[in-house]
Each structure stands twice: as structure tokens, then as C-alpha cells.
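Welcome to a short tour of one protein model. Have the structure open as you read, and let us start with its aromatic rings.

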Amino acid sequence: SNEGWILTIPQETDGTTQLCFSLESTSDLVHRVTLPATTYEPGKRYTYDIRFGQTEVTVKLKIAAWNELKSSYDIPL
């Protein structure tokens, strides 16, 4: 739900926060990914790219201004 977006109150995280989610293909299994230490600032959009490999999960973070007006704006990883 929410098209993949969640609302986060501006705050600092210490690298122990986990994003927990389930996939349609694994039904009740809850996956957990530890997010890197981050300072969430007002007016910013934080996009996490989570990729599953055979033996590992990688997390990449992209940060952009929340009110970016360009319709084809892309933030390189």
C-alpha cells in the first residue's frame, strides 16, 4: 500500500533501524533489512533501493528535495 512510500518524522537513526516487509511470493515470511544510519531532514525525499541476491541483500539510498518539479528527474545511485 501507499505505492511504496512511508512518512517519517525528521530524526536521526543510528544504523539499527530495520525495514520489515513481506512479499506476495513469500506470503507470511517477514523480511528484515537494516537501514544505514541517516539523518532524516524536513523537505527531503529518501528512496531506498533494496535488492535481493542469492546470499545477500543490498541497500542503496537516494536523497532528493521533496518538491522537485522536473517530471523526468533521476537521481543516480
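This is a predicted model: local features need pLDDT of at least 70, side-chain atom pairs count only at pLDDT 80 or more; totals for chains, interfaces and linings use all residues.

## Aromatic pairs

Rings of Phe, Tyr and Trp (its six-membered ring) count as a pair if their centres lie within 6.5 Å; planes under 30 degrees apart are called stacked, over 60 edge-to-face, and the rest tilted. By that rule, the structure holds two aromatic pairs. In one of them, the ring centres of F21 and F52 are 5.9 Å apart and the planes stand at 65°, so this pair is edge-to-face. The pair joins distant parts of the chain, with F21 in strand β2 and F52 in strand β5, 31 residues apart. Y40 and Y46 also make an edge-to-face pair, at 5.0 Å centre to centre and 80° between the planes.

Residues are numbered from 1 along each chain as its sequence is written, and side-chain values use heavy atoms, leaving out hydrogens and water. Strands here are DSSP runs (E, at least two residues), numbered from the N terminus.

## Buried or partly exposed

Buried means under 20% relative accessible area, exposed over 50%, and partly exposed in between (1.4 Å probe, protein chains only). Both Y40 and Y46 are buried, whereas F52, at 44%, is partly exposed.

H31 sits in strand β3 (residues 30-34) and is buried, because its relative accessible area is 17%. Leaving aside residues up to four places away in sequence, H31 touches L19, C20, F21, S22, L23, T26 and F52, where a contact means heavy atoms within 4.5 Å. Both rings of the F21 and F52 pair are thus on the contact list of H31.

K62 belongs to strand β6 (residues 57-65) and counts as partly exposed because its relative accessibility is 21%. K62 and D49 lie 13 residues apart in sequence, with 8.0 Å between their C-alpha atoms.

## The largest pocket

A pocket is an open set of points on a 1 Å grid over the protein atoms alone, with protein on both sides within 12 Å along at least five of seven lines; lining residues have an atom within 4 Å of a point. The largest pocket holds about 890 Å³ of space. Of its 29 lining residues, G4, W5, I6, Y46 and Y48 are the closest to the centre.

The elements giving two or more residues to this lining are β2 (18-22) and β5 (44-52), and β5 supplies the largest share, seven residues.

How values were computed:
On a 1 Å grid over the protein atoms alone, a cavity is a set of points where a 1.4 Å probe fits but cannot get out, and a pocket is an open set with protein on both sides within 12 Å along at least five of seven lines; lining residues have an atom within 4 Å of a point. Grid points are joined across faces, edges and corners, and a volume is the space filled by probe spheres set on the points. Helices (H or I, at least four residues) and strands (E, at least two) are DSSP runs, numbered from the N terminus.
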